[in-house]
Amino acid sequence: ACQIIDRSPINSPEVMVPTPLFGKASIKGTIISSVDGKPFNNVAVRLAQVYRQGEEGAFVLDIARSPGNFTDSNGNFIIENFDPAEYLIAVGEPSDNNYVIVSDSQGKPITYVTEAGKLIDAGILKVDYTP
């Protein structure tokens, strides 16, 4: 179960994010534990693209092709210069089938619609994940 506890921007001076390349999007945020509030260090964060057909939807999380990065020692992550689309944020290792999808307090996955030339700040994301 995941929930957003704070949508405020990251105020860490060391987190500098350049403007995305032409036609590309970027996203940043902070991943912390919902158990003890500590940041996740060096944990994989990937974007799973959402595909919709009418009321139904599915996501694709491809280890080789899904945009991703790792958190720093403060739990901050930046994923830069990917194709704009609708995404979910996955925390953990899909190859080991040990990952969680960032969800709201009702357990519904949170989607992020990214736009070319824009940076999304996902804020602080609290997740129940065991590396």
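**Aromatic pairs and salt bridges**

Reply: Phe-82 counts as buried, because its relative accessibility is 4%; buried means under 20% relative accessible area, exposed over 50%, and partly exposed in between, with a 1.4 Å probe and protein chains only. This is a predicted model, in which local features need pLDDT of at least 70 and side-chain atom pairs count only at pLDDT 80 or more, while totals for chains, interfaces and linings use all residues. Residues are numbered from 1 along each chain as its sequence is written, and side-chain values use heavy atoms, leaving out hydrogens and water.

Rings of Phe, Tyr and Trp (its six-membered ring) pair if their centres lie within 6.5 Å; planes under 30 degrees apart are stacked, over 60 edge-to-face, and the rest tilted. The count is two aromatic pairs. Phe-40 and Tyr-129 have ring centres 5.8 Å apart and planes at 70°, so they are edge-to-face. Phe-82 and Tyr-87 are also edge-to-face, at 5.3 Å between centres and 85° between planes. Tyr-87 is buried, with a relative accessible area of 3%.

A salt bridge requires a side-chain nitrogen of Lys or Arg within 4 Å of a carboxyl oxygen of Asp or Glu. Lys-24 and Asp-83 form one, at 2.5 Å from N to O. Lys-24 lies in the loop between β1 (2-6) and β2, and Asp-83 in the loop between β6 (76-82) and β7 (86-93), so the pair ties together parts 59 residues apart in sequence. Strands are DSSP runs (E, at least two residues), and helices likewise (H or I, at least four), numbered from the N terminus. Asp-83 is partly exposed at 46% relative accessibility.
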